[in-house]
Structure formats: C-alpha cells, structure tokens
Amino acid sequence: LLLAAGTMQTMKLQASGRVQAPKAFARGSRKMAVTCKAVQKAEQPSIGQRIAAMGAATMMSLSALSGAAVASEFDLLAEPKPTTNYYIDDASVLSVSTKSDINKKLKDLEDQTGFRVEVLTVRKLEYETDAFAFADKIQEGWYSEAEGDKKGILLVVTAAKEGALTGGKTFMKTLGDDLIDSIVGDQIPIYTEQEKYNLTVESSLDRVTAALKGEAVPEGPVRPDNTRKRTYRTKEETEKSKNVTSTVVGTLLLIAVVVPMLQYYGYVAKD
C-alpha cells in the first residue's frame, strides 16, 4: 500500500511538472537497447556455422534411416542361445497362435529326432545384407561346430520378401539342396509377397519337420506362371551389395570428419 501511494504521488508530481524522470534511467534504457542490438547481431550464425548445421542435419537424417534396422540386426546377434522358445519374432509379424504352434511343433521335433530349429523374423537387413550370411553368423554365435551339427535356423526378412534356411552339416544334409532351394527360392518369397508371414513360417516348418523326421514332405506353393523366382543373392551380388554398403559407410565417416572442422572454422571466423 505504501509503495502504491508513493507511486501515485510521484505521478501527480510529474504531471504538475515539479518532478522529472531521472536522467540515469533514460541513459540506462538507451544503453540496454544498444546492448540488445549487439547481442542480436552476435547471435547471427556465420556461414561456417550454417554449413556445419546442414552437415549435422544430413548425418542425423542418414542415421535415422538405417539406425533402426542396424540396431535390430545387432539385437538378434546379441541374443543368447535359446533354451525355452523356438522363435525370435523381431519383426513382430507372428500371431500368438502361430508362436504357440511353433513351440509345440519344434519341441516335438527335438524330442523325437534331436534336431532343433529356430525361427527368426527381422524387418530388414542393413549391416549384413545377405540373409544366409546373417543366419550363419547367428548360428555360429550360438553353437560350436560340433554342438550345432543338428541345429538349424529358418530366417524370414519381411521387407525384402526373402529368407534363409541354414544350419549344421547333418541338418543341411538331411534336408537336401532341393528342399532348401524350394523353401528359400519359392515358398518364402511367394507368401511374403502376399504378406502372409504366419503362413510362410508354418508351411515352411511343415516341410522341414517332415524331412527331418523322415516322413513324406508336403508340396510347396507354385507360382501361377510355373517359373521359379530366385530371391536369394549369388556370391557376386553379395559382393556388389557389400561395395555399396562400404560406400555409404565411407560417406558417413567423411561427414563425421568434415562437420567438426566446419564448426571449428565457424567459431574461429566469428572470433
């Protein structure tokens, strides 16, 4: 109340002309305005800083495109050797009923024959683009050569509409090249192109388990034009894709080196 009364009294005196605003306050206001303008001018980014910002944004964009896929691959490679479930649905495409059927079917297979099959799904491969090579890495990470002799992996890559079927020597010999080629070259591509991922896994396992048990193997799907369509890569194609991957990685490393240099130049130029 006292402050309000004093303020009102000052206003009255100013209105009557007997009191003038302090000159120090006026000078302080002008000084503050000049300071604000100087700060605004100093905050204007230099050309070097703008280039550095653009480079950083580009690098972040490239990382966002491939980061999720690469992380997914590393997550699978880091998975411990399975003991309970017979599947890792990293792509989240398998239904609850399909997962239950996988566990039941592959548990019976292991109990009866000693063969163990793991089902893996992944959305996309970026780091190791060859499905067979990626599945082999997982197999080698889980088992030694002797331990993995009767172990196998059925891999489905949903984005590429491809897959792999690989394993130990006895596992591969029991299945045979014709069945493996039929599942990888026809069955997986045909059903994944229709986005029938549950059917892809279940029908493939029906044929795999029958072969490993020594039973009659069900026929696989056939394309309407009766032509086989190879979806897995040859060795030459794999080497070519590795060269492309190396180019992308080299570009990212170049950006990582150039951006800090541009930032430093921007700061030095500003000083």
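In which strand is Glu118 found? Select Glu118: it is found in strand S2. This is a predicted model, and every stop on the tour should be read as such.

**Stop 1: Glu118 and its contact**

Keep Glu118 selected and show its side chain. With a relative accessibility of 2%, Glu118 counts as buried, the cut-off for that class being under 20%. The side chains of Glu118 and Arg116 make a polar contact at 2.3 Å.

**Stop 2: Phe115**

Phe115 has 6% relative accessibility and so counts as buried. Phe115 and Leu212 are 97 residues apart along the chain, yet their C-alpha atoms are separated by 7.4 Å.

**Stop 3: the whole chain**

Zoom out and colour by secondary structure. The protein chain has 9 helices and 4 strands. Read from the N terminus, the order of elements is α-α-α-β-α-β-α-β-β-α-α-α-α. Of its 271 residues, 33% count as buried.

**Stop 4: helix H5**

Select residues 131-142, which form helix H5. The helix has 12 residues and spans 17 Å from its first C-alpha to its last, close to the 16 Å expected at 1.5 Å a residue.

Show side chains and look for the buried ones: Ala131, Phe134, Ala135, Ile138, Gln139 and Trp142. Turn the view to look down the axis of H5: the buried residues fall within an arc of 140 degrees, so they line one face of the helix. On the face turned away from the buried side are the exposed residues Glu140 and Gly141.

Then move to the N-terminal end of H5 and select Asp130, which caps it. A side-chain oxygen of Asp130 lies 3.2 Å from the backbone nitrogen of Phe132.

**Stop 5: the second largest pocket**

The largest share, 3 residues, comes from H5. The volume of the pocket is about 200 Å³.

Which classes make up the lining of the second largest pocket? Colour by residue class to see 1 nonpolar, 6 polar and 5 charged residues.

**Stop 6**

Most residues other than glycine have a negative phi. The last two selections depart from that pattern.

Select Lys161, in the loop between strand S3 (151-157) and S4. Lys161 is not a glycine, but its phi is positive, at about 55 degrees.

Finish at Glu195, in the loop between helix H7 (177-193) and helix H8 (197-213). Glu195, also not a glycine, has a positive phi of about 60 degrees. Is Glu195 buried or exposed? Its relative accessible area is 55%, so Glu195 is exposed, the cut-off for that class being over 50%.

Methods: Residues are numbered from 1 along each chain as its sequence is written. This is a predicted model: local features need pLDDT of at least 70, side-chain atom pairs count only at pLDDT 80 or more; totals for chains, interfaces and linings use all residues. Side-chain values use heavy atoms; hydrogens and water are left out. Helices (H or I, at least four residues) and strands (E, at least two) are DSSP runs, numbered from the N terminus. The expected span of a helix is 1.5 Å times one less than its number of residues. Buried means under 20% relative accessible area, exposed over 50%, partly exposed in between (1.4 Å probe, protein chains only). The arc is that of the directions from the helix axis to the C-beta atoms. A polar contact is a pair of N or O atoms within 3.5 Å; within protein, one must be able to donate a hydrogen and the other to accept it, and residues adjacent in sequence count only if both atoms are side-chain atoms. On a 1 Å grid over the protein atoms alone, a cavity is a set of points where a 1.4 Å probe fits but cannot get out, and a pocket is an open set with protein on both sides within 12 Å along at least five of seven lines; lining residues have an atom within 4 Å of a point. Grid points are joined across faces, edges and corners, and a volume is the space filled by probe spheres set on the points. Ala, Val, Leu, Ile, Met, Phe, Trp, Tyr, Cys and Pro count as nonpolar, Asp, Glu, Lys and Arg as charged, and the others, Gly among them, as polar.
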